[in-house]
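Please look over the sequence and the structure below before reading on.

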Amino acid sequence: MSKGSVLILGARSDIGLAVAHEFARKGHALQLALRDPAAFETARADLALRHNVPVSLHAFDALAVETHAEFLDALPELPEIAICAVGLMGDQIESERDMSAAIRVIRSNFEGPASILGHLANRFDQRGSGQIVGISSVAGLRGRATNYVYGSAKAGFTAFLSGLRNRLAGRGIDILTVLPGFVATRMTEGMDLPARLTCQPEDVAQAISRGLERKRSVIYVRPVWRLIMAVITSIPEPIFKKMRI
Amino acid sequence: MTLSGWGRFPVFPGQAQAPRTEAALLAAAAGQGVIARGNGRAYGDSAVGAGRTVSMRHFNRMLSFDPATGVLVAEAGVLLADVIAAFLPRGWFPAVTPGTKFVSLGGMVAADVHGKNHHKDGSFGAFVDWLDVIGPDGGVTRCSRQENPELFRWTVGGMGLTGIVLRAAIRLRPVESAWIRQDLVPLPDLDAALAAFEAAEDASYSVAWIDCLARGKALGRSLLMLGEHATRAELTGDRARYPFETPAKRRRNLRFDLPRGVLNSHTVRAFNALYYWNGARRRGTSLLDWDSYFYPLDAILGWNRIYGRKGFVQFQCALPLERSREGLTALLEAVSDAGTGSFLAVLKRLGLQESAFSFPMLGYTLALDFPVNDRTLALLDRLDRITLYHGGRFYLAKDSRMRPETLRASDARAAEFAAWREATGMRQRFASAQSERLSL
């Protein structure tokens, strides 16, 4: 008998996959939502075989917001837990020159995730239960020259989650915001990340699992990031605008 | 960035590529001097490419399992630890396992690893049904004992020099519990140890820790550990109710290199003597969980740092049965004389083995490790000569410093393997730092 099902949006990402393993290991059935299910069949078979739980694949396009309600209606059941690992780092320089690239980053990190989680929140509210996890970013805590397009979209997403939490408090629905800091994934492959500040996708997955158990609101995967961001957000703007970090 | 094996010696500049898709893997395999790397548990330079090192860590998915036959099909980067985690709760255990569970299936095939049951069941290769191998033509070839048998024969034990193993079908064995009934037998000298091994030919598992610094009459004193998978009927209480659940183990992690000099002949001699006498007190039968019996060292992550920053070397040879007593005596005397012994000396009886290039042979195997320094490197040369003299051979998964002429003299199959590699176009395409060093 498997535990309540977990919907993972953006399951192809390294964090999405690590989260899938974490929850399957604990005995949850999985619904994996991603753009190209056919290319994920090997990973699906692996998850089902290793953890002996049902795993289903569902085509999902985070940017096609008009399809989101339909997507949820087509799921075999409304999940107990929904985890959104959808995101797109993009390239800051390209986003500065080409507004269509910037819009894609903004829609992938804010509009798409907000749309699907908005639909889910309403359905969870109707049922009176459910847990929602949004993987946002410390980049959303202050806009910096080096990645403000991505950061601003994540800021929007973080605020959306915060509002959702506020709205649904006391209605049996938990909203968890995750701010991972640097994670060693396909998105950051080839970047020179400081080892002490960088965690693995598995660390993010475990932090999410713990965060849900303890009904936390906002978690940093590595506590040091709370401190770093406290410093960065407290620098006065006249000074900050001249800094390059 | 640097690459090395588990012994952290020798060290090479460079970095492994880690393709994520089959197309990217095929592209990465299409180079000169390519070698696949699993979890980096070969001790020396086996998994460092002569030209390019291709990490298989993203090919770590299990594909299918047939509970009627126990056949698991999985990608080569799957770790044995993951196989155990997935299938022991369902009553299946690897048919052959080496002394660590942190090896990849591809690595197990390449080294044709053996376990504590070699005397009865043979090496890992005996439980491989088929392999998918990326060859010099850039395509994937399925091979087995029936299909492309020559490729199969050389790939099992071929140290990755026949192409990149992508997928494998391996057979697991059914077990009734996660517990091992261990019989611990202290043996005062080498003759007693060998006699005990010969008397224990029916035991499923047998291995001995040997005090390689004991001298004179105590030369070769050992603790023999015999093991059987415990049946349901042997368990009581909670263990009988939940036969596949074992207490969670505390993992320790050695996060720093032990300073040089902490391990010297006095401390290691004292440690070994204590270990022996402590074992002698605990003689007899006990129930051990699978992890403690098969993988005691895995409980200390990063134990390879115990020998310090410069790394360590392992020596493992096999001696033919009729020369074992004589050969082991000579090897142990040489080690004891040099006084630079190791904690982790292991003696094991091997069974019959007929394969193209695999390490085991009917007889005994002795494994020792040493910190890297000029003295031990000289000692290892001496151990090589003793092994050669007694008709023995060497385990390439442990080797990091052997000379090519030593390999050729020890094993007539090496020249045959090199010739086959040349004839099939493997030699240019697939090569490791080790195969270059050994002219394979």
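The paragraphs that follow go from the confidence of the model to the fold of chain B and then to some backbone details.

This is a predicted model, in which local features need pLDDT of at least 70 and side-chain atom pairs count only at pLDDT 80 or more, while totals for chains, interfaces and linings use all residues. Residues are numbered from 1 along each chain as its sequence is written, and chains are lettered from A, with ligands numbered from 1, in the order in which they are written. The average pLDDT (the predictor's confidence in each residue, from 0 to 100) of chain B is 93, and 98% of its residues score at least 70. For the complex, the predictor gives an ipTM of 0.88 and a pTM of 0.93.

Chain B holds 15 helices and 20 strands, where helices (H or I, at least four residues) and strands (E, at least two) are DSSP runs numbered from the N terminus. Its radius of gyration, taken over C-alpha atoms, is 21 Å, close to the 22 Å that the globule rule (2.2 Å times the number of residues to the power 0.38) gives for 440 residues, so chain B is as compact as a globular protein of that length. The C-alpha trace of chain B spans about 60 × 55 × 45 Å along its principal axes.

Within chain B, an open sheet of eight strands runs in the order 15-11-13-12-18-19-17-20 with antiparallel pairing, two strands being paired if DSSP finds at least two bridges between them. Strand 15 (284-289) and strand 20 (393-394) of chain B stand at the edges with a single partner strand each, so one side of each is left without a neighbour in the sheet. Strand 11 (residues 179-187) and strand 13 (residues 222-229) of chain B pair in the antiparallel sense over eight bridges, and B:Asp183 has B:Leu226 in strand 13 as its bridge partner.

Most residues other than glycine have a negative phi, and most peptide bonds are trans. The peptide bond from B:Phe9 to B:Pro10, however, is cis, with omega near -10°, and B:Pro10 is found in the loop between strand 1 (2-3) and strand 2 (12-13) of chain B. B:Asp112, although not a glycine, has a positive phi of about 40°; B:Asp112 lies in the loop between helix 3 (105-111) and helix 4 (118-121) of chain B. With 27 C-beta neighbours inside 10 Å, B:Asp112 counts as buried, a class that requires 20 or more other C-beta atoms, placed from the backbone, within 10 Å of a residue's own.

Technical notes:
A residue is buried if 20 or more other C-beta atoms lie within 10 Å of its own, exposed if 12 or fewer, and partly exposed in between; C-beta atoms are placed from the backbone.
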